[in-house]
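Here are my notes on the sheet and on the helices beside it. Please read them with the structure open.

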Amino acid sequence: MESTKKPHPTLLNRELSWLTFNERVLQEAQNPEVPLLERIKFMAIFSSNLDEYFKVRVATLRRLEKLKKKTRAKLGDDPTQQLHDLLQEVGRQQQEFGETFRNQIMPELRRQHIHLVSEHDLTDEQKTWVHEYFQRNVQDLLSPIILDDNLHHLFLKDQSVYLTLLLSEPVKQKKHEDEERVIVLELPTKRHGGRFVQLPDEGEEHYVMFLDDVVRCCVRTLFPSYRRVQVNAIKLSRDAELDIQEEVSGNLMAKIKSSLQKRETGYPARLLYDPAMPKQVLKAMMQKTGIGKEELVEGSRYHNFRDFFGFPGLGQPELKYPDFPPLPHPTLPRTAGKMLDAIAERDHLLNLPYQSFDYVTRFLNEAATDPFVTSISVTLYRVAQKSEVAKALLKATKNGKQVTVVVELKARFDEESNIHWAEKLQKAGANVIFGIPELKVHSKLALVSRTEEGQNRLYAYLSTGNFNEVTSQIYADHGLFTTNPHLTKEVGQVFGYFLDRQPRSFEYLLVAPFELRDKLNALIDREIKLAKAGKEAYIILKLNALQDERMILKLYEASQAGVRIELLIRGISCLIPGEPGQSENIQQRGMVDRYLEHARVYVFGNNGEEKVYVSSADWMARNLDRRVEVAFPILDPVVKAEVRHLLDLQRQDNVKSRDWHNHFLGQEDPTAPKIRAQFATYEYLKSLGKKKKPTAVKH
């Protein structure tokens, strides 16, 4: 008898979905319509993303491989098969990456009179200059290590480029000398001040050289007793996961510090090597480092393409995107000392990076010096090294304000900066809370309490982006300034949870891990009910990632009920749209452009009374169940209209949007007017600044 059980709905593998996202980044590097130096930057982003992927995701799968068979069986997906599949795709993408660099980027550089030359391309005059440069600026930075019997173990630093040297054909061989020697040295990129050396221009021709090739050109002068020196590059990526036991007691900061030190010596996740490297050299490297075949990944002549972030501009601004100077905000004051008054009057939406993050630091600085402000509370997830936000909080503490700062010490790769500012704030007298055991605090909240006419009034800033001045210049985020008591009171309840660890319930905010999942399900169920009643029902979701299986199954259920669903997913998406009987009412697109889309927006039709939420949370299991996240409703009708208009621009994008197969959507109708959402967003916000201020909606 045939089984009547329905087949399990199809989901995409998370790892391969992430690689699909990174391929969209590579597509930007391949796009001839993107300015050349920006294409190079996308090469760097692709490489940097892949480095982090190996340090985190691949390293995690390697850990899972080492579990016992019975334990592995409980995981569902076989980590060994996943590793095999993703490494195959990585190999394909890396081959495509190399071809892009050789066959597209390099020829285009030459057409723009920029020559990225190797040691083989130099004229006699340039060779002389390079040798002088090497002796003056590089030679003393090199520390060669001989791989011989006296060396029992070789430690390679995480994410550093090393050069291996095979010395052969000795000039005068003595009995005690080997015919060949293997030497390794670290490429001194940081101490040198960058990966590239700019040679003297010749007319309008510019010449740039990898530091690697400067060493290749001159390294024989360091070993005059050998006629031949073959140079190849390697790079090691180490496991970046921190081993931290989540405990209520104990010093979490001390544990993080200890784990950070271990990260530098973490288990090898990948050894990239030059395929031209002699076998005996690779064998020697494996023996001395203890790295096995499973960690070997064939690379190319050059590694660490993320160093292309530092590629010289050469005074050619036309090879970059046109400047988008931060726009003045249409309803926030342009002069100091007026932020609190403006926020008291009405809600304001801040759109980063189109409008300046300075409005946030001005808000905090004004609160720090205002004599009527009694307290300031902030969540800090990723703090800039030179944080103006942290400095404002220090000022507030000095001025006698009660300052509460929730610092997430487990924000991957930002732990050191977070620890630095946490210690400074603690010493200044702030109440510093180091997150919540077993949860990450990923919400982006600030709350200011001010005494006005004998009453306590709350001012809040709720955002999708971090309190970080550096990332605010490249991450596209929304932030809301408000004194709406429905919202500010509940923001205060979130901070209350950080203090007493007692879960709360909320009427307006959707807060994980308490109610966010359940309330999202209820909102979806409402659309399902409307669809079944023959009414218009729709959901629009803009996310960085959609991975949570239960939420995906809920979206499939809604699709099958007739709910129209639009997904704008920048990164991972494990949902498969357009499947008959499963997801035929779901459309999905993803966009990669000059700014990194970071805002999350949830829209529910709600029978004509649309509900719009802006959030710090993606729809991943970790965000819904293991993090403190906040989705906040946009209640002000003027601000709601602005959020929807900006979202609609992204829905209409036919220049930078791709479907889930990474096919450009603009190719469907070449005659349609071109809409590039990020450029259109800038122009729209620019036009708002020229219009009369909207009517205030007072609370």
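1. Two strands are taken as paired if DSSP finds at least two bridges between them. By that criterion S1 and S6 pair, in the parallel sense, over four bridges. Within this pairing, leucine 116 stands opposite valine 208 in S6. Note that the model is predicted.

2. On the other pairing, S5 and strand S6 (residues 205–210) run antiparallel and are joined by five bridges. Phenylalanine 196 has phenylalanine 210 in S6 as its bridge partner.

3. Together these strands give an open sheet of three, in the order S1-S6-S5, and the pairing is mixed. Strand S1 (114–117) and strand S5 (196–202) are the edge strands, each pairing on one side only. On average, and with direction ignored, neighbouring strands of the sheet are turned by 25 degrees against each other.

4. In a regular strand the side chains alternate between the two faces of the sheet. For S1, Ile114 and Leu116 point one way, while His115 and Val117 point the other way. Are these side chains buried or exposed? All four residues named are buried.

5. Helix H7 (residues 211–218) lies across S1, S5 and S6, and runs at about 80 degrees to S6.

6. H7 also packs with helix H5 (residues 124–138), at an angle of about 105 degrees and with the axes 10 Å apart. Angles of 65 to 115 degrees count as roughly perpendicular, so H5 is roughly perpendicular to H7. H5 contributes Val130, His131, Phe134 and Val138 to the contact, and H7 contributes Leu211, Val214, Val215, Cys217 and Cys218. Of the residues in this contact, eight are nonpolar, one is polar and none is charged.

Terms used. Residues are numbered from 1 along each chain as its sequence is written. This is a predicted model: local features need pLDDT of at least 70, side-chain atom pairs count only at pLDDT 80 or more; totals for chains, interfaces and linings use all residues. Side-chain values use heavy atoms; hydrogens and water are left out. Helices (H or I, at least four residues) and strands (E, at least two) are DSSP runs, numbered from the N terminus. Axes are lines fitted to C-alpha atoms, for helices over the stretch in contact, and angles run from 0 to 180 degrees between N-to-C directions. Contact means heavy atoms within 4.5 Å. Buried means under 20% relative accessible area, exposed over 50%, partly exposed in between (1.4 Å probe, protein chains only). Angles under 35 degrees count as roughly parallel, over 145 as roughly antiparallel, 65 to 115 as roughly perpendicular and the rest as oblique. Ala, Val, Leu, Ile, Met, Phe, Trp, Tyr, Cys and Pro count as nonpolar, Asp, Glu, Lys and Arg as charged, and the others, Gly among them, as polar.
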